[in-house]
Amino acid sequence: MGSFAIEKADQEVLPYDSIGGPTYITAQTLIQQVSYALSDKLFTYSPETFDLDTAVKQWANTGEKNANGYKTSVQPMQTRQGAGTIALGYIFSQDFDLKKRHIPQTIIASSATLQYLRSSLEQLTLLYSVANPFVAHVSAVDYRGGSDGHLVTDYHTALRLSEELGLGLVATASTHESQHMALFSTLLAKFLPTLHIYDGIKIGRENTRVIDVFSQSHLNSLVKSIYKTLEGTTTQKHLDVEGKLLGLLQAFNDELGTDYKPFEYHGHAEATSILVTFGTVESSLTAQIADALAQSDVKVGVVNVRIYRPFVEEEFLKVLPASAQTIGILGQVPSELDVQEEGVHSPLYEDNEKVTALLGNDSSIPSAVASHENILRRIDVPESWGTLEEETTEEENAKLPSDITPTSLVPFDKAEEEAPAQLDNWQSIAKSLVFREAYDTKAVLRPDLATKTYTIHVSANKRLTPESYERNIFHIEFDLGDSGLTYDIGEALGIHAENDPEQIEEFIKFYGLDPNAIVPVPSREDEAVFEVRTVYQALLYNIDLFGKPPKRFYEALAEYATDEKEKAKLQRLGGEEGTAEVKKRAEIDFLTYADILYEFPSARPSFTDLVRIVNPMKRREYSIASCQKVTPTSVALMIVVVDWIDSQGRKRWGQASRYLSKLQPGTAVTASVKPSVMKLPPSSTQPLIMAGLGTGLAPFRAFVQHRALEKAQGKEIGSVLLYMGSRHQREEYCYGEEWEAYQAAGVITLLGRAFSRDQPHKVYIQDRMRETLPEITQAYTREKGAFYLCGPTWPVPDVTAVLEEAIAAEAKANGKKVDTKRRD
């Protein structure tokens with residue numbers, strides 16, 4: 001008998017170098033081993049009781065080296081809104097070692113974390129061509145609260161997220177293959193960001209004897225060999241993502257001697273009823289049941305979905321028996337209530353509905369009507385039902401439903417009925433304005449917006465950087481007047497910007513619109529209520545005509561194209577094959593809705609249809625740079641005008657920042673307030689440690705104003721450490737005189753200024769912080785201070801590393817051992 005190691009049920013972690021060969025081990029540990037061995041950095045989101053990262057943390061603490069020859073950095077994180085931004089900041093940091101660009105960055109998390117990672121994953125997909133390979137190993141577990149709170153499996157979140165963001169999604173069916181699938185998912189991440197999901201309640205946590213566990217050295221050699229095989233395939237780089245997936249899977253199977261498929265069939269060779277499943281326990285149990293029933297000649301089969309995304313339709317059709325009559329889907333929906341809703345389906349159902357629609361034209365699949373006799377309750381049918389009434393004509397008979405298919409999947413209309421908008425004349429609208437009571441007419445400021453809005457007026461607009469400087473950073477103040485707008489420290493002001501009038505007028509002329517035509521559009525809140533505006537107003541305030549169009553816009557626009565070439569191109573862009581080009585159009589060419597309409601002149605939706613398929617304008621939120629207790633009748637912002645040159649040499653601007661930069665005093669602006677989690681600590685004696693880059697200083701101006709007010713009122717205040725970073729002192733020392741005045745007045749205790757390009761060697765904000773580590777240690781650890789960081793995400797790991805040093809230094813001085821990686 002061969003030797004083998006045992007992982008104890010009390011969560012004692014196996015030594016890293018002992019994993020290999022026959023071993024008693026959990027799926028979670030195998031997945032952590034692959035993650036640690038092949039990653040540059042691990043970001044883990046694990047509640048204490050889930051133990052998703054116990055092993056990798058211990059291996060990192062003992063200094064175990066990964067397959068790349070150095071210790072993998074393991075960074076435990078808290079699950080909350082904005083999760084994933086630190087990982088993005090690390091990947092796209094200006095100081096990132098480009099020699100590591102080919103090494104995967106990995107997240108270990110539960111499915112409960114995915115909703116918080118969404119925004120970061122969406123950004124990553126847009127920039128993936130210049131990012132590290134990225135893989136997330138996800139335990140399909142969540143906690144359901146209530147009087148009988150318990151753990152539940154959750155595959156739905158991962159399925160929906162992978163579908164909407166275009167992520168890869170690979171499922172593990174058992175402990176025995178968990179290491180293989182973790183490895184395959186990491187390899188797939190070379191082509192697209194990938195989620196690897198497994199059961200986190202049972203399979204992930206139970207010890208099982210696995211015969212052929214790979215050691216780290218074996219994993220490394222497998223990766224090199226598989227990549228070498230792919231590089232030797234000359235056609236690989238010209239394939240679409242589905243082709244690359246199949247090529248990778250073939251190379252993977254050849255190297256490991258396995259026979260994994262995107263879809264795996266179990267059951268009778270001539271099955272008439274097929275069940276499609278996704279998930280660890282679901283796939284394992286249904287496969288065993290189908291194989292057992294097949295031995296008794298019961299004609300049922302199961303298709304286990306191993307690779308949900310990319311969904312290779314040809315591979316799915318390949319595994320279906322030609323005898324299939326009925327296909328059922330075993331998939332999750334968000335809640336128990338959704339089970340009762342006929343229109344709510346699992347993403348797995350929606351994909352199979354599309355694919356099985358292809359089967360409707362296959363004469364080899366007979367009608368499933370006969371099988372209904374075994375499913376539906378038999379009833380007596382009146383004889384009169386068997387004959388048509390005499391007056392029924394053949395033409396009327398032809399109007400019978402035509403959407404019956406040879407499968408059991410019944411088509412349903414996913415589109416919600418919308419009350420049609422219409423262009424109207426001013427006379428009919430005038431009636432509703434004159435006779436308000438009769439027409440129940442109400443005058444509302446921006447009725448299209450769900451948030452409460454206020455009208456405020458520009459009182460000052462001052463550029464903070466020199467006119468000759470390339471970056472336009474400006475300070476803008478608004479007079480609140482009698483608007484009733486109130487705000488708190490750390491909150492953001494939502495600006496409901498307007499499109500550029502010149503561009504709007506140009507588009508109206510191109511599209512042949514009457515700018516004064518009236519558009520009554522049903523309210524989003526109540527279809528019985530109509531919002532009234534002119535075409536010009538709708539384009540100016542409501543329609544995001546100069547925003548980035550999603551892929552679905554191309555698909556929708558194709559329906560209106562009268563030129564066949566334009567129609568074909570729009571259909572291609574709106575389909576799966578157009579994903580890469582649409583991404584390039586959005587992120588490199590920066591094409592807008594208007595650009596697309598100019599490009600395809602034969603596609604001319606009516607204006608009311610245009611309102612429907614173009615996204616509405618969203619508010620732009622800016623951190624407030626003032627304290628209302630200090631300036632009760634005004635609110636201030638600090639903003640940089642976003643501008644760039646696109647691939648065609650055209651200068652482009654951020655819509656909201658350009659709009660605000662051009663406003664003159666007295667101009668009315670529509671605004672709203674967004675609450676923030678960034679609050680002052682409860683006690684005025686608690687120190688503030690603030691690090692702001694560029695316009696990230698804005699909220700800290702409000703913080704300092706508030707502390708200055710408290711000091712003026714005779715209150716004792718804690719120390720204030722302010723660190724700022726920008727390129728040049730002469731051009732970007734924004735609010736410099738204010739900071740120095742507050743320092744002279746004893747409000748700011750320490751002012752750390754980092755101007756990265758004012759000396760031969762670059763000096764960053766973390767360098768200034770490290771120079772004053774004793775002060776940070778005193779304020780943060782001994783006096784229980786609060787730390788704030790605002791601005792770009794790239795310096796986050798370096799800045800937080802300084803805090804870790806402060807915590808570690810204080811712990812060492814007191815003879816304590818602490819986990820400096822755990823974040824609040």
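Which helix holds both Phe 700 and Phe 703, and how many residues apart are they? Both lie in helix H24 (residues 698-712), three residues apart, about one turn of the helix; helices here are DSSP runs of H or I of at least four residues and strands are E runs of at least two, numbered from the N terminus.

## Basis of the model

This is a predicted model, in which local features need pLDDT of at least 70 and side-chain atom pairs count only at pLDDT 80 or more, while totals for chains, interfaces and linings use all residues. Residues are numbered from 1 along each chain as its sequence is written, and side-chain values use heavy atoms, with hydrogens and water left out.

## Aromatic pairs

A search of the whole structure finds 22 aromatic pairs, a pair being two rings of Phe, Tyr or Trp (its six-membered ring) with centres within 6.5 Å, called stacked if the planes are under 30 degrees apart, edge-to-face if over 60 and tilted otherwise. Phe 700 and Phe 703 make an edge-to-face pair, 5.9 Å centre to centre with 70 degrees between the planes. Phe 700 is buried at 0% relative accessibility, and Phe 703 is likewise buried at 0%; buried means under 20% relative accessible area, exposed over 50% and partly exposed in between, with a 1.4 Å probe and protein chains only.

Phe 311 and Phe 316 form a tilted pair, 6.0 Å centre to centre and with 40 degrees between the planes, and both residues are buried. They also belong to one aromatic cluster with Tyr 155, Phe 263, Phe 278 and Tyr 308.

## Helix H16

In helix H16 (residues 501-511), the buried residues are Ile 504, Phe 507, Ile 508 and Tyr 511. Seen down the helix axis, these buried residues fall within an arc of 100 degrees, so they line one face of H16; the arc is that of the directions from the helix axis to the C-beta atoms. They pack against helix H17 (535-542), helix H21 (593-599) and helix H22 (607-613), where contact means heavy atoms within 4.5 Å. On the other side of H16, Glu 502, Glu 506 and Lys 509 are exposed.

At the start of H16, a side-chain oxygen of Asp 500 comes to within 3.1 Å of the backbone nitrogen of Glu 502. Just after H16, Gly 512 has a positive phi of about 70 degrees.

## Salt bridges

The structure holds 30 salt bridges, each defined by a side-chain nitrogen of Lys or Arg within 4 Å of a carboxyl oxygen of Asp or Glu. One of them joins Arg 306 to Glu 264, with the closest N and O atoms 2.9 Å apart. Arg 306 lies in the loop between E14 and E15 and Glu 264 in strand E12 (residues 263-267), so this pair ties together parts that are 42 residues apart in sequence. Both Arg 306 and Glu 264 are buried.

Glu 621 and Lys 674 also meet in a salt bridge (3.3 Å, N to O), linking strand E22 (residues 620-623) with strand E26 (residues 668-674) across 53 residues. Glu 621 is partly exposed at 26% relative accessible area, and Lys 674 is partly exposed at 35%.

## Backbone features

The peptide bond from Arg 309 to Pro 310 is cis, with omega near 0 degrees, and Pro 310 lies in the loop between strand E15 (307-309) and helix H10 (313-319). Asp 297, although not a glycine, has a positive phi of about 65 degrees, and is placed in the loop between helix H9 (280-295) and strand E14 (300-305).

Key
A polar contact is a pair of N or O atoms within 3.5 Å; within protein, one must be able to donate a hydrogen and the other to accept it, and residues adjacent in sequence count only if both atoms are side-chain atoms.
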